[in-house]
Every structure is written in structure tokens, then in C-alpha cells.
Amino acid sequence: MQDDLAAKIAAIDSQIKTLSEQKAALETQWQKQQAVHLDSTADPKRICVVGGGGRLGRLFIKLFNSIGHQVVCFEKNDWPNAASILAEQDLVVVSVPINQTENIIAQLQPYLMADTLLADLTSIKVKPLRAMLEAHQGPVVGLHPMFGPDVSDIRDQVIAVCKGRDNKMADWLLKDFKALGARLEYVSARDHDQAMTFIQVMRHFSTFLYGRHLQQEGPELDKLIALSSPIYRLELAMVGRLFAQDGQLYADIIFSNAEGLDVLERFVERFQAAIQLVKQGDKEKFIQVFGEVKHWFGDYAEHFMKESRRMLSAAQEFEDNRR
């Protein structure tokens, strides 16, 4: 009986592996066909990515090249030739660190053609969008890719779009993103930055603090991993992922959002209030507060439960296929 069950499980695992391989092959084929289709139908544009040597800049150069546009990379050593490089560009995209964005935008002003579309990829939007509108009298759009430079493609990835000036002039660019499979979310710069206080500032700061706490407490990571459930391993992986990246990037995200500090201070106040419940042994109050939060999440709580299960299943399948 056990041998039969083991054989059935092995057969299913084999089917899953085969289907995963077929899926990967079909995705690759789809990407190639999509690139050929876009390349044959698109109106090729001249594009300059300022900061194109960075990881995110390189990703967007790759994306633009894949659909037939003529792309050049502009880096800090190119300023002596800025007039010739930036001349006749249909689109100039600023992809530099947050703390350099406004200054770089201001420096671009003398070199931009009147009908050049100016865009940025910064993770805050109010200040960069204002800087672009002040520096350039032509078309302007603010963009925030809600993904990192390590994605293989942008299908199902979100790009936040903040309208600036002469919005119709950006239609071709946004259509290209949609053709590549991205999901566009239109939002005002103010609403974007308010949302980022929760999506980025609070989340990154909490992760930073949790990592710092682990480092200060000094548990053995090997033991934590060995004793962890899949969901905690995933949470620990997200902490490790943060610290595998550039501290300057996360410092800029956290320190550049004007509303972030107020949100973080209120978070600390609620953290302390929750600690008091534990100190007082007040389980009833804890359960009451838990219920209030659960009610606030509403149907999303069950939705996120199902979504997390799918993510864990996909992660487990990936690990199984690696073995």
C-alpha cells in the first residue's frame, strides 16, 4: 500500500516537473514571439536612459531594445557630450539614485528638445515630477516600476504612472509597457507617495529593524532555518533579501519620504501598546484587538491566506525542481 502511494506521488512529481518545463519553454517562446511582433509593428523611437549603467537602467535598456527602439546609455562621464547625445531624442528616462534625481533633472534642461518626452523611474514621485515640470516645458510623465532589476520580464508587473504634461505624448510609451505585459496603475504623485509610506517605507524599515534585532540577539541562522516552517523561511528570506542589496537605496527610500517619519512614529507607539498587553498578560484585550484588525482586513484576509498558500506551493515546487 505504501509502495503504491509512493509510486503515485513520484509519478505526480514527475508530471509536475514535466509541466513546469513545458511552461518555461512556452513562456520563452511567447516572449520571443511577442518581441518579434512588437519589433515588426512598433514605431522605433530614439531613447536615452540617463543612468543606464545601473541595474534598473540596464533592465529598461533591454526592454526598449527588445521591441526595436534605438537606445543609448548616458552616464556621468558623458556630460561633456550631452548636447550631441541628447539631441533628437524622443524619450529621455532618468534612472539614477533618489538623492541625485532632482539635480540630474535640472542639469538636463539645456539639452532637451521641445517635444522630447521626459520621464523618471524614481520610487518617490512628488519631488521628481515637480522637478521635471520645472526643468522641461515639453511632455513629462512620472513612472515608478514596482519591481526590482532582477525580474526576467515585466509580465504582470506593476508600473505606477503619474501624469505630468502633454499626456498624449506618452501614449506610445505606455502602450509599449502594456504590450510587454506590464500592468499600469494611474495615480497622482501625492497619492503615490502616501501609499509608498506603507508599501515601502514602513515595510522596509520594519524589515531593517527585524534584521538588526536578529543581528544584535545573535541566534544561529542555521538553526532558525532548520526549525522553520515554510512560511517563516519565506519571511526570513525576505529579510535576507533586503540585506543582500544596497543600503544606500533603502536609506534613500526611507529618508526621502516626507510623511514616512510620522507613520513610523505611530507604528512605534502601537508596538509599545501591544507590548503592554503582553506585560499585563491581557490575552482578552489582545484577542479583541486581533479581531478588530481581522474585521478591517475583511475578505482580503482569506484572499491573502489563499494567495500565500499558492506562493508557498510555487516556492516548494521550485525547490523540488532544483533537486
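## Aromatic pairs

Rings of Phe, Tyr and Trp (its six-membered ring) pair if their centres lie within 6.5 Å; planes under 30 degrees apart count as stacked, over 60 as edge-to-face and the rest as tilted. The structure holds 13 such aromatic pairs. It is a predicted model, in which local features need pLDDT of at least 70 and side-chain atom pairs count only at pLDDT 80 or more, while totals for chains, interfaces and linings use all residues. Residues are numbered from 1 along each chain as its sequence is written, and side-chain values use heavy atoms, with hydrogens and water left out.

Helices (H or I, at least four residues) and strands (E, at least two) are DSSP runs, numbered from the N terminus. Both phenylalanine 60 and phenylalanine 177 are buried; buried means under 20% relative accessible area, exposed over 50%, and partly exposed in between (1.4 Å probe, protein chains only). One aromatic cluster consists of Phe60, Phe64, Phe147 and Phe177.

Tryptophan 296 and phenylalanine 297 also form an edge-to-face pair, because their ring centres are 5.1 Å apart and their planes stand at 85 degrees. Tryptophan 296 is exposed, because its relative accessible area is 68%, and phenylalanine 297 is partly exposed, because its value is 34%.

## Nonpolar cores

A nonpolar core is a set of buried Ala, Val, Leu, Ile, Met, Phe, Trp, Tyr and Cys residues joined through side-chain atoms within 4.5 Å. The largest has 29 residues, of which Phe64, Leu91, Leu143, Ile154, Ile159, Leu173 and Phe177 touch the most other members. Elements that each supply at least two residues of this core include strand E1 (46–50), helix H2 (55–66), strand E5 (140–145) and helix H6 (171–179). Helix H2 provides the largest share, five residues.

Which residues does phenylalanine 177 touch, not counting residues up to four places away in sequence? They are Phe60, Phe64, Leu143, Ile154, Ile159, Ala182 and Leu184, where contact means heavy atoms within 4.5 Å. A second, separate core of 23 residues includes Val50, Leu108, Met132 and Val140.

## The second largest pocket

On a 1 Å grid over the protein atoms alone, a pocket is an open set of points where a 1.4 Å probe fits, with protein on both sides within 12 Å along at least five of seven lines; lining residues have an atom within 4 Å of a point. The second largest pocket has a volume of about 280 Å³, volume being the space filled by probe spheres set on the points. Its lining comprises 14 residues, with Phe208, Gly247, Tyr250, Ala251 and Ile254 nearest the centre.

Helix H7 (189–217), helix H9 (230–243), helix H10 (247–256) and helix H11 (260–279) give two or more residues to this lining. H10 gives the most, with five residues.

Glutamine 200 is found in helix H7 and is buried, because its relative accessible area is 11%. Leaving aside residues up to four places away in sequence, glutamine 200 touches Ser123, His144, Phe205 and Ile253.

Valine 289 lies in helix H12 (residues 283–297) and counts as partly exposed, because its relative accessibility is 30%.
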